[in-house]
Amino acid sequence: MKKLIFYAFLPMVVVTTALFVSASIAFENYTSSELVTKTEDMNIPINQDAPVKSHDDLVIDAPRQKVWELLTGINDWPQWQTEVTESHLKGELREGAEFEWKAGGLSFTSRIHTIEPGEKFGWTGKTFGASAVHNWFFRDEGDKTRVYVEESLQGVFPKLFGKYFQKKLDSGLRKNLMELKVASEKQKSPDRIHS
């Protein structure tokens with residue numbers, strides 16, 4: 001009798017599992033391809049062949065202009081990013097502009113490669129033994145903002161210590177997003193978007 005019940009319910013278990021897996025794949029495809037404009041649309045996309053790469057996203061309960069203003073206010077990063085102790089933009093916020101900053105005890109030299117106000121913001125960066133491509137995307141979700149971030153790391157250290165760097169990058173992107181969320185939600189009034 002138990003075998004009969006088992007075989008009677010087996011097709012339902014298989015179909016339910018297949019539907020769940022299909023829905024998960026469809027959601028993953030949606031979140032990775034439909035969530036934001038493709039990374040290839042950036043002037044410099046992340047390096048898909050890099051030994052370390054990561055991405056993350058979340059919804060911030062603040063207007064897109066406010067979120068954009070905070071992230072692109074490079075000189076003010078130490079005010080809301082706990083790891084950043086110094087940050088200085090050389091000149092105006094524009095593609096090709098350089099900025100220097102310190103985070104987690106390391107010094108970085110970065111160059112902005114893409115600016116589409118309120119839509120996309122990306123930079124490259126170098127430090128001893130590693131280089132990175134870091135891209136951000138913004139989209140309205142009602143009166144809120146969905147922010148998607150991705151980064152690739154390459155160089156001697158990411159290649160040799162991939163597991164360590166992968167863990168640090170995954171947690172670092174999540175922390176960046178959470179700190180941006182907290183700072184953005186403190187003051188929800190929209191500011192002007194940098195051009």
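Okay, let's start with the layout: this chain has five helices and seven strands, where helices (H or I, at least four residues) and strands (E, at least two) are DSSP runs numbered from the N terminus. Read from the N terminus, the elements go α-β-α-α-β-β-β-β-β-β-α-α.

A quick word on the source. This is a predicted model, where local features need pLDDT of at least 70, side-chain atom pairs count only at pLDDT 80 or more, and totals for chains, interfaces and linings use all residues. Residues are numbered from 1 along each chain as its sequence is written, and side-chain values use heavy atoms, with hydrogens and water left out.

Now the overall numbers. The chain has 195 residues, and 37% of them count as buried; buried means under 20% relative accessible area, exposed is over 50%, and partly exposed is in between, with a 1.4 Å probe and protein chains only. The accessible surface is about 11,600 Å², with 58% of that belonging to carbon and sulfur atoms. That area comes from the Shrake-Rupley method with a 1.4 Å probe, and for residues only the protein chains shown count as cover. As for contacts (heavy atoms within 4.5 Å), take those with a separation of 6 or more: 55% of them are between residues 24 or more positions apart.

So what's inside? The largest nonpolar core has 34 residues, and Ile112, Phe121, Trp136 and Leu180 have the most contacts inside it. Helix α5, residues 162-186, gives the most to this core, with five residues. By a nonpolar core I mean a set of buried Ala, Val, Leu, Ile, Met, Phe, Trp, Tyr and Cys residues joined through side-chain atoms within 4.5 Å. Have a look at Trp136: leaving out residues up to four places away in sequence, its partners include Met42, Leu71, Phe121, Val147, Leu177 and Leu180.

Among the buried ones are Arg64 and Lys66, along with Trp68 and Leu71.

The largest one has a volume of about 940 Å³, and of the 35 residues lining it, Ala103, Leu106, Phe108, Glu151 and Lys168 are the closest to its centre. On a 1 Å grid over the protein atoms alone, a pocket is an open set of points where a 1.4 Å probe fits, with protein on both sides within 12 Å along at least five of seven lines; lining residues have an atom within 4 Å of a point. Grid points are joined across faces, edges and corners, and the volume is the space filled by probe spheres set on the points.

Which element gives the most to that lining? It's α5, with nine residues. The lining divides into 19 nonpolar, 11 polar and five charged residues. Here Ala, Val, Leu, Ile, Met, Phe, Trp, Tyr, Cys and Pro count as nonpolar, Asp, Glu, Lys and Arg as charged, and the others, Gly among them, as polar.

Let's zoom in on Ala103, which sits in strand β3. Is it buried or exposed? Ala103 counts as buried because its relative accessibility is 13%. Setting aside neighbours within four places in sequence, Ala103 contacts Glu83, Val84 and Phe108.

Last stop, Asp61, in the loop between β1 and α2. Asp61 is partly exposed, at 26% relative accessibility. Its C-alpha lies 7.4 Å from that of Asp143, 82 residues apart in sequence.
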